[in-house]
Amino acid sequence: GNYFEFLKEEAAGSGLERKTVQRDATFQIIDIISGEIETTHDLIERFEEINANYSEYRWAWSYRMILDYYGFTSLTEENVERVKSDYITARRAWIAEIKKDAAKEYRLGDVEEEVFRNFNDQLDKEVDFENQKLYM
């Protein structure tokens, strides 16, 4: 084995495919050092490839983060429900804090009543939208 292949395997982490932007960036650096990417044209082509696969990379990164955060080995239906529940709880707590802060700013006179009402209405719409998505 060649040292650069070893580094690629290490960067891939336990034989995982090159699925995340961070891993791909590591591969690019290794490929530049090893001479696999020789010209700026080669590098531009690699960036174009990454850009074309952005959605896949984003999902792969999110999937890995969820598994790592929760200590899951895979996403079962039960695990997905737990993540959704935690998301809803955190998002609603976050919106509640934003509303409290907006009310404080209004009470201090830093925000006009119409702006305050519009802002709160928008936050309520966010929660309504969330509720619709959950039951679709």
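Which side chain meets that of Asp68 in a salt bridge? The side chain of Arg64 does, at 3.4 Å from N to O. The points below place this pair in its setting.

1. Basis of the note. The structure is a predicted model, in which local features need pLDDT of at least 70 and side-chain atom pairs count only at pLDDT 80 or more, while totals for chains, interfaces and linings use all residues. Residues are numbered from 1 along each chain as its sequence is written, and side-chain values use heavy atoms, with hydrogens and water left out.

2. Overall architecture. The chain contains six helices and zero strands, in the order α-α-α-α-α-α along the sequence. Helices (H or I, at least four residues) and strands (E, at least two) are DSSP runs, numbered from the N terminus. Of the 136 residues, 21% are buried, where buried means under 20% relative accessible area, exposed over 50%, and partly exposed in between (1.4 Å probe, protein chains only).

3. Salt bridges. A salt bridge is a side-chain nitrogen of Lys or Arg within 4 Å of a carboxyl oxygen of Asp or Glu; by this rule there are eight. In helix α4 (residues 54-70), Asp68 and Arg64 are four residues apart, and therefore separated by about one helical turn. Arg64 is partly exposed, at 27% relative accessible area.

4. Arg46 and Glu36 form a salt bridge through their side chains (3.9 Å, N to O). Arg46 belongs to helix α3 (residues 40-52) and Glu36 to the loop between α2 (21-34) and α3, so the pair ties together parts 10 residues apart in sequence.

5. Helix α5. This helix has 31 residues and reaches 45 Å from its first C-alpha to its last, close to the 45 Å expected at 1.5 Å a residue; the expected span is 1.5 Å times one less than the number of residues. After α5 comes Gly109, with a positive phi near 85°.

6. Arg91. This residue lies in helix α5 (residues 77-107) and is buried, with a relative accessible area of 15%. Apart from its neighbours within four places in sequence, Arg91 contacts (heavy atoms within 4.5 Å) Glu126, Val127 and Glu130. The other buried residues of α5 include Val83, Ile88 and Ile95.
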